[in-house]
Amino acid sequence: MSLSDPGAAARLLSVLSLPAPQAAPRLLGGLFGHRTAEGVVTLRITELEAYGGPAGSDLPDPGAHTYRGRTARNASMFGPPGHVYVYFTYGMHHAVNLVCRPEGHAGGVLVRAGEVVEGIGLARARRAVGRATPVPDAALARGPGNLAKALGIGLGHDGAPLAAGEGPAGDGFFLVPPAEDDRPETASGPRTGVSGPGGTDAFPWRWWIPGDPSVSPYRAAAPRRR
DNA sequence: GAGGCGATTGCCT
DNA sequence: GGCAATCGCCTCT
């Protein structure tokens, strides 16, 4: 697999047309990158989570932002595949999803962690902002908030298209799903930080590459403070 | 118009 | 392991 893989475009469309729980394990080990005026950072995806659609749809997911229907915030999740859904949470963190399924069907894959394989200097610089101590390389894109920061992703990128391979020249996102023969070993379990039934064994929609140092530690949803 | 809380992170004890 | 930070979105009044 490489950024110039001629089969990448076909694989991207076929994989992202699937419901998220089927697309997610097929994206593990793939390349995901973002090119800006600052440079390019590319990751090998090592951890992700699938998210479905609203109550009453064909893939209801009580853990998803889309569960209560389409809103201005989550509209990208209902759009055509091959785009990104970026959201802002906890007043400080961004996270990025790869939108799945045909337009009208909500679904996406949250990219939770990756190994930086290109642009590690830029990733280090972005992650160093506001920190006193340096970030270990394996942790540069560990966790969805950290990954978004390493890739330079903000709310302004919500709805941006995903190119296959290196894509057209200029700024933007690109994605290269692994060829079938290149898919890594995978493990799966409940999603991290999801409260309610969506965070239980009933939705084992988190996948990761076992033993990879960039995978984030599992955390149960924070109990409500009072 | 107000209040609660979140697909998190990192520092503190 | 506990918990503060920090603010936009969503729900309810």
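**View 1. Helix α4 at DNA strand B.** In this predicted model, α4 (144-151) gives the most to the surface near DNA strand B, with 3 residues. Here "near" means that a heavy atom of the residue lies within 4 Å of the strand. Helices are DSSP runs of H or I with at least four residues, strands are E runs of at least two, and both are numbered from the N terminus. Among the 22 residues around DNA strand B, H65, Y87, N97, G145 and R219 come nearest. Sugar and phosphate make up 46% of the DNA strand B atoms that come within 4 Å of the protein.

A quick note on how to read these views: residues are numbered from 1 along each chain as its sequence is written, while chains are lettered from A and ligands numbered from 1 in the order in which they are written. Since the model is predicted, local features need pLDDT of at least 70 and side-chain atom pairs count only at pLDDT 80 or more, while totals for chains, interfaces and linings use all residues; side-chain values use heavy atoms, with hydrogens and water left out.

**View 2. Polar contacts with DNA strand B.** A polar contact here is a pair of N or O atoms within 3.5 Å; within protein, one must be able to donate a hydrogen and the other to accept it, and residues adjacent in sequence count only if both atoms are side-chain atoms. Y87 puts a polar side-chain atom 3.1 Å from a base nitrogen of DNA strand B. Y90 uses a polar backbone atom, which sits 3.4 Å from a base nitrogen of DNA strand B. For N146, a polar side-chain atom lies 3.3 Å from a phosphate oxygen of DNA strand B. The elements that give two or more residues to this surface are β3 (84-89), β4 (93-99), β5 (108-118) and α4 (144-151).

**View 3. Around DNA strand C.** Of the 7 residues here, R68, T71, Y90, G91 and M92 come nearest. Sugar or phosphate holds 60% of the DNA strand C atoms within 4 Å of the protein, and the rest belong to bases. Look for T71, where a polar side-chain atom lies 2.5 Å from a phosphate oxygen of DNA strand C. Y90 turns up with a polar backbone atom 2.2 Å from a base oxygen of DNA strand C.

**View 4. R126 and E38.** The structure has 9 salt bridges in total, each a side-chain nitrogen of Lys or Arg within 4 Å of a carboxyl oxygen of Asp or Glu. In this one, the side chains of R126 and E38 meet at 2.7 Å, N to O. R126 belongs to helix α3 (residues 120-128) and E38 to the loop between β1 (31-36) and β2 (39-51), 88 residues apart. R126 is buried at 9% relative accessible area, whereas E38 is exposed at 56%; buried means under 20%, exposed over 50% and partly exposed in between, with a 1.4 Å probe and protein chains only.

**View 5. R44 and D212.** These side chains form a salt bridge at 3.7 Å, N to O. R44 is in strand β2 and D212 in the segment after β9 (206-208), so the pair ties together parts 168 residues apart in sequence. R44 is partly exposed at 24%, and D212 is buried at 16%.

**View 6. D61 and R191.** The side chains of D61 and R191 meet in a salt bridge at 2.8 Å, N to O. D61 sits in the loop between β2 and β3, and R191 in the loop between β8 (187-189) and β9, 130 residues apart. D61 is buried at 0% relative accessible area, and R191 is buried at 0% too.
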